[in-house]
Amino acid sequence: MIAISHRRSEQFGLSPDSRPDFTPASGTDLSYLVEQNRLLYSHAVPAMETLYQQIANTHNMVLLTDAQGVIVHSLGDADFLEKANRVALTAGVAWSEESKGTNAIGTAITERVPTTIHADQHFLSANHFLTCSAAPITDHRGNVVGVLDVSGDRRSFHKHTMALVRMSALMIENQLFAATFENAITLHFHTRPEFIGTLMEGIASFSPGGRFLAANRNGLFQLGLSYPALQAHTFSSLFGLPVSALYDHYRTAAPGLLDLCMHNGVRVRGRAELRLTNGVHVLTGAFDDATQMAPIAQPPAKASARRLSGLRYLNTGDPQLEQVIDKVNRVLGRDVPIMIMGETGTGKELLAQAIHNDSPRAQGPFVAVNCASIPETLIESELFGYEDGAFTGARKKGAVGKILQANGGTLFLDEIGDMPYPLQARLLRVLQERMVTPLGSGKSIPVNVEVICATNHNLRRRIAEGLFREDLYYRLNGLVVKLPPLRERTDLETVVRKILSAETETGGTHTISDGVLRLFKRHKWPGNFRQLTNLLRTAMIMAGDEEEIGLRHMPDDFLDDIAETPEAAPASAPAAQQMIASGANLEEMELAAILKSLEANGGNVSATARALGVSRNTIYRKLPHLKTSP
Ligand SMILES: Nc1ncnc2c1ncn2[C@@H]1O[C@H](COP(=O)(O)OP(=O)(O)OP(=O)(O)O)[C@@H](O)[C@H]1O
């Protein structure tokens, strides 16, 4: 990680002897900085003071930065301050990698993991006297909103510092989380009841009707799902109980801890509370009415959190994607419907979520509906909801449809091309009249949603085939953007690193060998990000404690696909020379030679071994999947 960061530092045009700009921001800029980060600042300062008490007199200081690495607040030992001032560890100075090269703050932001940078691991020689431990602080969507750091004289290095910083960052994250949701049920849970109420507890918020809103870092970890994946969930889909069971539980005379079984079969204990705008209440009554689920008005203190961009984090340097983000940014909040085109797994839903996060509706709900995955018979009730007993099999109390659930926020209609033709007219009416009428109801309810839709069909062709309504098409395609497939993206390396660090819960990150990366660049990735993410997850498990992911950790089906890719066959001398010229390593050339020979020998391992002059065992060691292949 350090070597890669040093390379990045060089790419930023820095050299170890650079004397970067240490000028701090002026007083006015500083007040603006604090104001912009008010929510973070107000929750972080008490935690910083507690942390500082624990490390006072150790020649260290505690720093808080914003999401870009600009120091917002610092507390320090007087004897270290003078030295620190010389390298500008003071408010208003930027410590991003771009301005200071490898350093704990900047590198923690780039890599999104807790990071210690000690002495000469710093890129700039001027910073070699420092030892720094930094942990990113993330919001409930996993976006980095700031960094907490302890920096000191390198002789003061202590291996427990990082643990203290991580715990304090977690404390700040939990407080930010608690301040974000009101009018919500908050569930505190853990497999071990003694951990409830501690930093280790999972916290998840649900709307009073049971819709999932957010979970803290430990909550996401225990639930085993990412924030985007949880968007489609409810209390009942996660814990197998209707949310009314919570209310029933707290109606009993002496309610103890809840005993819950998560969707993955793990049992947890929990405590729930209902927080209303005017204070915390225990759960007392049912709230199944859509009006109760409307998001509360945004208090000014949350403005800074809202400004944090979701789109920025998707921008990993690919020019086609940069253009998409630029176009989308221009129409944000302007009531222009956005249509996202792209192959499966290119991140259409993730982009829709990022657009919502950056829009003025960010505090409202984001509701995703995949029109292709819901049976045609259910899609109408899913979208529009239904009244009590609207049809046989309907739940007795009726249900709020997805359109109404998205009230005040964004409705994401994935695979819109698969929406049944008769429903297209109803959807168009909702969009034009901004009213929704649940099934079996004579009453129309006003609704205010922004629609983003996605498709990987050619909708014009579907219109010509009479499968898609032209009027709906023109209502939905205000701005059409196309996400590039992974094989066309130029930022594959950055993307791989991001996924690896996002998938690591423990702080350490796997790296990827150059050989694997080169194979990745040649692969066609028909499943795009979904395929890459799954492959990396498997490879990380195969790699276990080994830091570097190599060819031996790749799943069999990927190696099979590569074997079928013509470019992977380097048998002839010119091809081998080409590989050498392209910087292929020995492992990669060996693999390619074996695959080519296997192909030539019709998949016969003995013949391949003879042809290459190696034992069959060597072939099996290099390609373990051959043992299990039919
Ligand atoms: N830029 C990205 N970085 C990391 N992971 C990504 C990125 N884009 C998408 N993914 C991951 O890939 C998977 C598929 O993404 P998503 O559901 O957004 O794609 P999609 O285009 O909507 O797919 P489909 O068309 O099949 O519905 C998800 O697990 C998502 O988290």
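**Sheet, then ligand**

Modeller: Strands S1 and S5 (residues 144-153) run antiparallel and share seven bridges. Helices (H or I, at least four residues) and strands (E, at least two) are DSSP runs, numbered from the N terminus. Strands count as paired if DSSP finds at least two bridges between them. This is a predicted model: local features need pLDDT of at least 70, side-chain atom pairs count only at pLDDT 80 or more, and totals for chains, interfaces and linings use all residues. Residues are numbered from 1 along each chain as its sequence is written.

Colleague: Which residue in S5 stands opposite Thr65?

Modeller: Val147.

Colleague: And how many bridges join S1 to S2?

Modeller: Five, antiparallel, with S2 covering residues 71-76. Leu63 faces Ser74 there. The hairpin has four residues between the strands, and Gly69 takes a positive phi near 90°.

Colleague: What is the strand order in the open sheet?

Modeller: S2-S1-S5-S4-S3, five strands with antiparallel pairing. S2 and S3 (115-118) are the edges with a single partner strand each, so one side of each has no neighbour in the sheet. The twist averages 15° from one strand to the next.

Colleague: Back to S1. Why is S1 described as largely enclosed?

Modeller: Seven of its seven residues, 60-66, are buried, so the rest of the structure largely encloses S1. Buried means 20 or more other C-beta atoms within 10 Å of the residue's own, with C-beta atoms placed from the backbone.

Colleague: Which residues sit on each side of S1?

Modeller: Asn60, Val62, Leu64 and Asp66 on one side, Met61, Leu63 and Thr65 on the other. In a regular strand, side chains alternate between the two faces of the sheet.

Colleague: Which strands does helix H6 lie across?

Modeller: H6 (residues 104-111) lies across S1, S3, S4 and S5, at about 35° to S4. Helix H7 (residues 161-180) packs on the sheet too, touching S3, S4 and S5, at about 25° to S4. Contact means C-beta atoms, placed from the backbone, within 7 Å. Axes are lines fitted to C-alpha atoms, for helices over the stretch in contact, and angles run from 0 to 180 degrees between N-to-C directions.

Colleague: New topic. How many residues surround the ligand?

Modeller: 18, and the closest are Thr344, Gly347, Lys348, Glu349 and Phe529. The cut-off is a backbone-placed C-beta atom within 6 Å of the molecule.

Colleague: Why does the ligand shell lie between two domains?

Modeller: Domain 3 (309-482) and domain 4 (488-628) both give residues to the shell, so it lies between them. Those bounds come from an automatic or database domain assignment.

Note on methods
A residue is buried if 20 or more other C-beta atoms lie within 10 Å of its own, exposed if 12 or fewer, and partly exposed in between; C-beta atoms are placed from the backbone. Two residues are in contact if their C-beta atoms, placed from the backbone, lie within 7 Å.
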